[in-house]
Amino acid sequence: MTELMQGSRTYIYNLIKSILELDRTNEYYLYFSDFENVATDSLFKRSNVHCRIIVPSSRFIRLPISFPLKLAADKIDLFHCQYMAPPLCPCPYLVSLHDIIHETNPQFYPAGLRFLMHHLYPISARRAAKVLTISQYSKSQIARIYKIPEERIVVTYVGVSNAFRFIGDKEKIKLIAEKYGIKGRYILFVGRIEPRKNLGTLIDAYHLLRTGYAIDHQLAIAGMKDPLFEDFHNNIIARAEGDSVVFTGGVAENDLPYLYNGADLFVYPSYAEGFGLPVLEAMACGVPVIAANGTALPEAVGNAGIMAPPENPEIWAEAMHRVLSDPELQETMSRKGLQRAQLFTWRKTAEKVLEAYSELATTARTELF
């Protein structure tokens, strides 16, 4: 992977790789809009793996027409998709629905996108044999809002890739940081630049940190701007003017572990998350973490980090100062974070998903007799 993947792509890519490492018996058909990132990966060349291209590029044709035809032609027994399934699916299916934040926090989504998700997601979820989600928080919201029995919803926590680990090569860490315009000590945020991530509060807190506590760390915001929120991106850039804030833009996947390792502190003030994987990635690299105290983030952080209300920059500034000025606290948080991150692996995720596959396959065989 050359570019930083976003949440759903990270999930499906790592899940597929882990499933294929565990299961060499069943036949797997993988459907792609193109073969990017597939041709060079040996996992996809195994004898029990069959890669298929789905055309056309438009999902509005691909989902209702191309997918059902392919699934029927390939005689698929069980189909696993993300978010939306074909409206007429020729086989039982599972759907991975990471969150429904567009329902609980609609203010963070454009009206047109929110309308589509509001009407299409529940149809796929209610027709699914099982719904997979990534936190107990998301499970409770899906059950409550979409009126789906909890026994049909399975929590499969996401994992942390082995690439995210403690790295002792300080020279390379420094070179990677400088590649993205970061010089000296820094605080790090990783995520897409969109309103839900609450970067306004973070920048206000950082300003208070510099002026009220005389902390000279840079703030590095690593992530791409969301094309749906161009005005928000421009406002955030303007709001940060005058402070030592670095906007790195997109980060190469191979560089990201080095950026984490170089940070003295990782901050994640997001208003709403289905889980919050960057929190665990930072912990796996030994970086102290401060995160918002709502939605699913407490499930990611556990007792390994500091949690703060997302709307209060004063509390965030005080918490950041407390960590940055206390080496003993940094060491304790780093140790607890490393231990916490070890609880979440893609192998465990794959094992849980394979259990769901097996249960549905058993049910299907039982219904035949």
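**Entry 1: T248**

Buried means under 20% relative accessible area, exposed over 50%, and partly exposed in between, with a 1.4 Å probe and protein chains only. The model is a predicted one: local features need pLDDT of at least 70, side-chain atom pairs count only at pLDDT 80 or more, and totals for chains, interfaces and linings use all residues. Residues are numbered from 1 along each chain as its sequence is written, and side-chain values use heavy atoms, with hydrogens and water left out.

T248 lies in strand β9. Helices (H or I, at least four residues) and strands (E, at least two) are DSSP runs, numbered from the N terminus. I then listed what T248 touches, not counting residues up to four places away in sequence: Y180, I182, I221, A222 and G223. Contact means heavy atoms within 4.5 Å.

**Entry 2: the sheet**

Next I traced the sheet around β9. It is open, has six strands, and runs β9-β8-β7-β10-β11-β12 with parallel pairing. Two strands pair if DSSP finds at least two bridges between them. At the edges I found β9 (245-249) and β12 (306-308), each pairing on one side only. From one strand to the next, the twist averages 25°.

I checked one pair. Strand β8 (residues 218-222) joins β9 in the parallel sense over four bridges. There, A222 stands opposite G249 in β9. Helix α7 (residues 199-213) packs on the sheet and touches β7 (186-190), β8, β9 and β10 (265-268). Its direction makes about 165° with that of β8. Axes are lines fitted to C-alpha atoms, for helices over the stretch in contact, and angles run from 0 to 180 degrees between N-to-C directions.

How do the axes of α10 and α13 cross? For helix α10 (residues 277-284) and helix α13 (residues 327-341), the axes come within 7 Å and cross at roughly 120°. That makes α10 oblique to α13. Angles under 35 degrees count as roughly parallel, over 145 as roughly antiparallel, 65 to 115 as roughly perpendicular, and the rest as oblique.

I noted the contact residues: L280, M283 and A284 of α10, with G337, L338, R340 and A341 of α13.

**Entry 3: helix α5**

Last, I turned to helix α5 (residues 136-146), whose buried residues are S138, K139, Q141, I142, A143 and Y146. They pack against α3 (101-104), α4 (111-127), β5 (130-133) and β6 (153-155). After α5 comes K147, with a positive phi near 60°.
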